Amino acid sequence: MKFFWIIPFILLQDTEAFLMKNAEVKLCLQASPMNGNVLLEDCNPASDFQDWSWQGDSLMNRGTESCLSVVGADSVQTSVCGSAGSTSWNCSNSLLSPRGSSQGYLVANKKGVALSDVRGLKAQWQDVADRSVCEGKAAKAEQDRYFLAALTSSDGYDHRAGNATIALGIDQEELEQLLWFFRREDPSAWNYSILALSFVAMILGLLLLGINVSRNRKRKIQMQREAAQTAQQAELEAKQALVPLQERSPAELRKEEPAPQDQKSGEVTVQWKDGTVTSLYTEGSEDAS
């Protein structure tokens, strides 16, 4: 189960970054992403170019991913970590000095930073909480030692190491408990839980899919019915437009009937209520006249 220790070790790398503030000028060390120069600027915790972390005895900048190095006699710049130009630093009492060299200490000046024999406040470096940057180096080394012991030892921890406290604030008993938990954890329960959740999610997805398909089908059927009703209504209205608005009565139809063919010119006829038609003047009356 060493994998469980590798993950937090990697995730905690970013949390170890700190700002390097000079004790006298109250400005922070900032790496330039353009030419590798090192400047003193107002402290800005949100800037990656002001975040530094200990990588062994080297100081690496988070923004440029390069290390603080000595160039020439007393100049300081950043260079590729692990290269021939990179520098290892001794740190003691907030003073930084190149390892294996007598060039002096890292101090702040008007141009930025350089190496000098001055040991005053100009050569003292702190974090934003006014703690020495050397404390971070010691805590980082202690943390790395515990993690390496957990990865390489069969027991994960040396029980005779004492009651030392690592940088994360975990004491010896809590560390032993975590080691015991991660080394004896059975992943079967977790795997079965994930499998059950996946099955439930699949069932829920199929159920939602079925409901959606059913609703779409009902919606299409309803639209077809409405379209058919609309077509029938339009057809009925078209037929009604061709039919006369009011039918004529039988009396009007009889009035429009043509006169009998034997009716004489000038003869006056009368149509009675029973439908019979008679001449108003008979032939005898015509002869008498």
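Some ground rules first. This is a predicted model, in which local features need pLDDT of at least 70, side-chain atom pairs count only at pLDDT 80 or more, and totals for chains, interfaces and linings use all residues. Residues are numbered from 1 along each chain as its sequence is written, and side-chain values use heavy atoms, with hydrogens and water left out.

So, the disulfides. A disulfide here is a pair of cysteine sulfur atoms within 2.5 Å. The structure holds three of them. If you number the bonded cysteines in sequence order, the pairing reads 1-2, 3-4, 5-6.

Start with Cys28 and Cys43, whose sulfur atoms sit 1.9 Å apart. This pair links distant parts of the chain, 15 residues apart: Cys28 is in strand 3 (residues 28-31), and Cys43 is in the loop between strand 4 (38-41) and strand 5 (51-55).

Are the two ends buried or exposed? Buried means under 20% relative accessible area, exposed means over 50%, and partly exposed is in between, with a 1.4 Å probe and protein chains only. Cys28 is buried, at a relative accessible area of 0%, while Cys43 is partly exposed at 32%.

Next come Cys67 and Cys81, with their sulfur atoms 2.0 Å apart. Cys67 lies in strand 7 (residues 66-71) and Cys81 in the loop between strand 8 (75-80) and strand 9 (89-92), so the pair ties together parts 14 residues apart in sequence. The S-S torsion of Cys67 and Cys81 is about 105 degrees, so this link is right-handed. Cys67 is buried, with a relative accessible area of 2%; Cys81 is partly exposed, with 29%.

That leaves Cys91 and Cys134, sulfur atoms 1.9 Å apart. Cys91 is in strand 9 and Cys134 in helix 2 (residues 133-152), 43 residues apart, and the pair links distant parts of the chain. Which hand does the link of Cys91 and Cys134 have? With -90 degrees about the S-S bond, the link is left-handed. Both Cys91 and Cys134 are buried.

Now the salt bridges, meaning a side-chain nitrogen of Lys or Arg within 4 Å of a carboxyl oxygen of Asp or Glu. A search of the whole structure finds four, and I will go through some of them.

Asp130 and Lys21 meet at 2.8 Å, N to O. They are 109 residues apart, with Asp130 in the loop between strand 13 (125-126) and helix 2, and Lys21 in strand 2 (residues 21-22). Asp130 is partly exposed at 46% relative accessibility, whereas Lys21 counts as buried at 12%.

Arg62 and Asp51 form another salt bridge, at 3.6 Å, N to O. Arg62 lies in the loop between strand 6 (58-61) and strand 7, and Asp51 in strand 5, so parts 11 residues apart in sequence are tied together. Arg62 is partly exposed at 36%, and Asp51 is buried at 7%.

Asp57 and Arg99 also pair, at 3.2 Å, N to O. Asp57 is in the loop between strand 5 and strand 6, and Arg99 in the loop between strand 10 (95-98) and strand 11 (105-108), 42 residues apart. Asp57 is partly exposed at 28%, and Arg99 is partly exposed at 42%.

That is what I have.

Terms used
Helix = DSSP H or I, 4+ residues; strand = E, 2+ residues; numbered from the N terminus.
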